[in-house]
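Subject: Structure for your review

Dear colleague,

Please find below the structure that I am handing over to you.

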Amino acid sequence: MSAKKVNKIGVLTSGGDAPGMNAAIRAVVRTSIHHGLEVFGIMRGYNGMVDDDIFQMDSRSVANIIQRGGTILKTARSKEFFEPEGRKKAYENLKKRGIDGLVIIGGDGSFRGAQKFSNEFDIPCIGLPGTIDKDIAGSDFTIGFDTAVNTAIDAIDKIRDTMDAHDRLFLVEVMGRDAGYIALHSGIATGAENILIPESRTDIEALIYNLTEKEKRKKLVNLVVVAEGDEFGGANELGKVLKERLPQADIRVCILGHIQRGGSPSGLDRLIASHMGYHAVEALVAGRRNEMIGIVNNAVHYTPLDKAIKEKQNIGEEWMKIVKILAS
Ligand code: ADP
């Protein structure tokens, strides 16, 4: 671990946006100032580094943002940063300002870029897991996940009211990319009868049997929460098959979509974003580099960026068992 002293920190948000990113930026800025460091905001992810869209921040730049969704630094995907010439340009723009440490708030793609950049130009990078999908190893929470789950719960509760009034079978698709965490958490919290996630194979015959059995027992209201990454192909695909196989059922499909990314961050997301943002700067000051800050069992946890990139969280079998028992 290098003990090189960091003097000027750059902070950026990259990849998909997530509620709570602003709370993390605020914590990074104010902790840097607490340490007497200069801190710079980098606009639109790595694009701002490549295009020199970088500005100095102070305590007031992050006033009144903790409760706001989205990110004041904007976020984007940067094609140029994939190329060595793009990263070289980015480095030159940091160098001319003397920025010698970076905090990257984003998902695994953003960490991949950070790892590469840091190896090439010897700039210490600390990653904060900012993604609604919770698809990164090394943290019990990711910034934005709790808000997205609560948004999904709120929407599904409303759908359940109309489902109940009409005795309907509803298939609700939630986000999560290749991970099923939003589906699992929102499904359990809304009492879904079935939850389909990419981490466990979808057995369509078992699902049809299950729904038919429930109908026989006069359970006419059925909620199936489907993760967008489920290997069966999402709620629309599932809807087509179920409409053919269960012609008597009144089936509706609802794709929740981008509402899950927006909105004011939950209390938990504000808290963990503040905690992680604080520790990101503490880590740089302590000479740490190329690690992701996570929270495990309520304590700060460091995971090398390359490990956070490669490993996914595991959904325990126990949760799937609980879903079955509670939905009977
Ligand atoms: P997320 O961080 O949400 O997973 P992306 O996968 O889109 O989002 O990655 C965000 C950005 O990180 C990309 O647009 C690119 O600029 C940078 N990036 C991702 N992977 C690499 C890589 N292998 N090399 C260089 N930059 C990368």
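The notes below take the nonpolar cores and then the ligand site.

Please bear in mind that this is a predicted model.

Nonpolar cores

The largest nonpolar core has 60 residues, and V103 and L128 touch the most other members of it. Helix α5 (residues 145–166) supplies the largest share of this core, with 9 residues. Domain 1 (8–144 + 265–310) and domain 2 (145–261) both contribute residues, so the core lies between them. Beyond its neighbours within four places in sequence, V103 is in contact with I9, G10, V11, L12, V28, I126, L128, A280 and L284. Another core, of 25 residues, lies apart from the largest one; I54, Y91, I123 and I309 are among its members.

Ligand site

The ligand is surrounded by 17 residues, of which R77, S78, G107, G109 and S110 are the closest. Helix α4 (residues 108–121) gives the largest share of this shell, 6 residues. From G16, a backbone N or O atom lies 3.2 Å from an oxygen atom of the ligand. The protein buries 88% of the 560 Å² that the ligand exposes when taken alone.

Yours sincerely

Conventions: Residues are numbered from 1 along each chain as its sequence is written. This is a predicted model: local features need pLDDT of at least 70, side-chain atom pairs count only at pLDDT 80 or more; totals for chains, interfaces and linings use all residues. Side-chain values use heavy atoms; hydrogens and water are left out. A nonpolar core is a set of buried Ala, Val, Leu, Ile, Met, Phe, Trp, Tyr and Cys residues joined through side-chain atoms within 4.5 Å. Buried means under 20% relative accessible area, exposed over 50%, partly exposed in between (1.4 Å probe, protein chains only). Helices (H or I, at least four residues) and strands (E, at least two) are DSSP runs, numbered from the N terminus. Domain bounds come from an automatic or database domain assignment. Contact means heavy atoms within 4.5 Å. A residue is near a molecule or strand if one of its heavy atoms lies within 4 Å of it. A polar contact is a pair of N or O atoms within 3.5 Å; within protein, one must be able to donate a hydrogen and the other to accept it, and residues adjacent in sequence count only if both atoms are side-chain atoms. Accessible areas come from the Shrake-Rupley method with a 1.4 Å probe; for residues, only the protein chains shown count as cover.
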